[in-house]
Amino acid sequence: MSKLEAILSQEVEAEIRAILEGARKEAEGLLAEARAKAEALVSAKEKAVKAAFQAALKRAESAGELLLSTARAQARGEVLDGVRAQVEEALSALPQDPRWPEILRKLAEEALSALPEPEALLAHPEDLPHLEDLARARGLELRPDPALRLGVRAVGRGGKTQVENSVLSRLARAWDALSAKVAQVLWG
């Protein structure tokens, strides 16, 4: 090899090394840039997954709370329905109570007082004997109505107006307030 060839060879080798070094540095820069982008992407995805998880967890908690609240309300409703059924059962025994004739007479007087011109009084056939004196004293027709339970119905002149007054209708009107008190006692 001549001296010129040796010099040219060294220059070529130096240039190749410089090119390789530049390519290596460029590759390292690209690699570092790619790693930074990948890490940023992973970090963003982790944040998005955590946010989605937290949102899903919150929705699940809300759904659970709603389900629990619904179950409690349903259970309370069932308990209150049971209490009302027991009250109605206890009230259904009123006709066997010695005070029933007086209670029935008071229900009748209240119903009659709501009509300007009452002409008849209706009650369950078993209750009619308890109302005979009142009907006679007020000049009213006394009629049986087997559908009437625990109360009376006063009928106005010509049958156009009627007023029903029964223990069960009173319970129905007062049930909202009574059930609120029962709920207060049971669940505070």
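Trainee: Where do E33 and K37 both lie, and how many residues apart are they?

Mentor: Both lie in helix α1. They are four residues apart, about one turn of the helix. Keep in mind that this is a predicted model.

Trainee: What do E33 and K37 form with each other?

Mentor: A salt bridge. The closest N and O atoms of E33 and K37 are 3.3 Å apart.

Trainee: Is K37 buried or exposed?

Mentor: Exposed. K37 has a relative accessible area of 55%, and the cut-off for exposed is over 50%.

Trainee: Which residues does helix α1 cover?

Mentor: Residues 3-92. K37 is found there.

Trainee: How far apart are K37 and V83 in space?

Mentor: They are 68 Å apart, C-alpha to C-alpha. In sequence, 46 residues separate K37 and V83.

Trainee: Let's zoom out. How many helices and strands are in the protein?

Mentor: Four helices and four strands. From the N terminus on, the order is α-α-β-α-β-β-β-α.

Trainee: Is the protein spread out or compact?

Mentor: The protein is more spread out than a compact globule, because its radius of gyration is 46 Å, well over the 16 Å that the globule rule gives for 188 residues. The C-alpha trace spans about 150 × 35 × 25 Å along its principal axes.

Trainee: What percentage of the residues is buried?

Mentor: Buried residues make up 21% of the 188. The accessible surface comes to about 13,400 Å². Carbon and sulfur atoms hold 58% of that surface.

Trainee: And contacts? What share comes from residues 24 or more positions apart?

Mentor: 59% of the contacts with a separation of 6 or more.

Trainee: Back to charges. How many positive and negative side chains are there?

Mentor: There are 27 positive and 30 negative side chains. The centres of the two sets lie 4 Å apart.

Trainee: How many salt bridges does the count come to?

Mentor: The count is 16. One of the pairs is R105 with E102, at 2.4 Å from N to O.

Trainee: Where do R105 and E102 both lie?

Mentor: In helix α2, residues 100-113. They are three residues apart, about one turn of the helix. R105 is partly exposed, with a relative accessible area of 26%. E102 is also partly exposed, at 36%.

Trainee: What about D145? Which residue does D145 form a salt bridge with?

Mentor: R153. The closest N and O atoms of that pair are 2.9 Å apart. Both D145 and R153 are buried.

Trainee: Which residues do salt bridges with shared partners join into one network?

Mentor: E117, E119, E141, R143 and R157.

Trainee: Is L150 buried or exposed?

Mentor: Buried. L150 has a relative accessibility of 6%, and buried means under 20%.

Trainee: P118 next. Which strand is P118 in?

Mentor: Strand β1, residues 118-123. P118 is buried, with a relative accessible area of 15%.

Trainee: What does P118 touch, not counting residues up to four places away in sequence?

Mentor: P118 touches L112, L140, V155, G156 and R157. R157 also belongs to the salt-bridge network that includes E117 and E119.

Trainee: And how far is P118 from A60 in space?

Mentor: The two are 62 Å apart, C-alpha to C-alpha. In sequence, P118 and A60 are 58 residues apart.

Trainee: Last one. Where does A174 lie?

Mentor: In helix α4, residues 167-187. A174 is partly exposed, at 30% relative accessibility.

Trainee: How far apart are A174 and E109 in sequence and in space?

Mentor: A174 and E109 are 65 residues apart in sequence. In space they are 20 Å apart, C-alpha to C-alpha.

Terms used: Residues numbered from 1 in each chain as written. Predicted model: local features only at pLDDT ≥ 70, side-chain atom pairs only at ≥ 80, totals over all residues. Heavy atoms only, no water. Helix = DSSP H or I, 4+ residues; strand = E, 2+ residues; numbered from the N terminus. Rg over C-alpha atoms; globule rule 2.2 N^0.38 Å. Buried < 20%, exposed > 50% of the residue type's maximum accessible area, 1.4 Å probe, protein only. Contact = heavy atoms within 4.5 Å. Areas by Shrake-Rupley, 256 points an atom, 1.4 Å probe, with all protein chains shown as cover. Lys, Arg positive; Asp, Glu negative; His and termini not counted. Charge placed at Lys NZ, Arg CZ, Asp CG, Glu CD. Salt bridge = Lys/Arg side-chain N within 4 Å of Asp/Glu carboxyl O.
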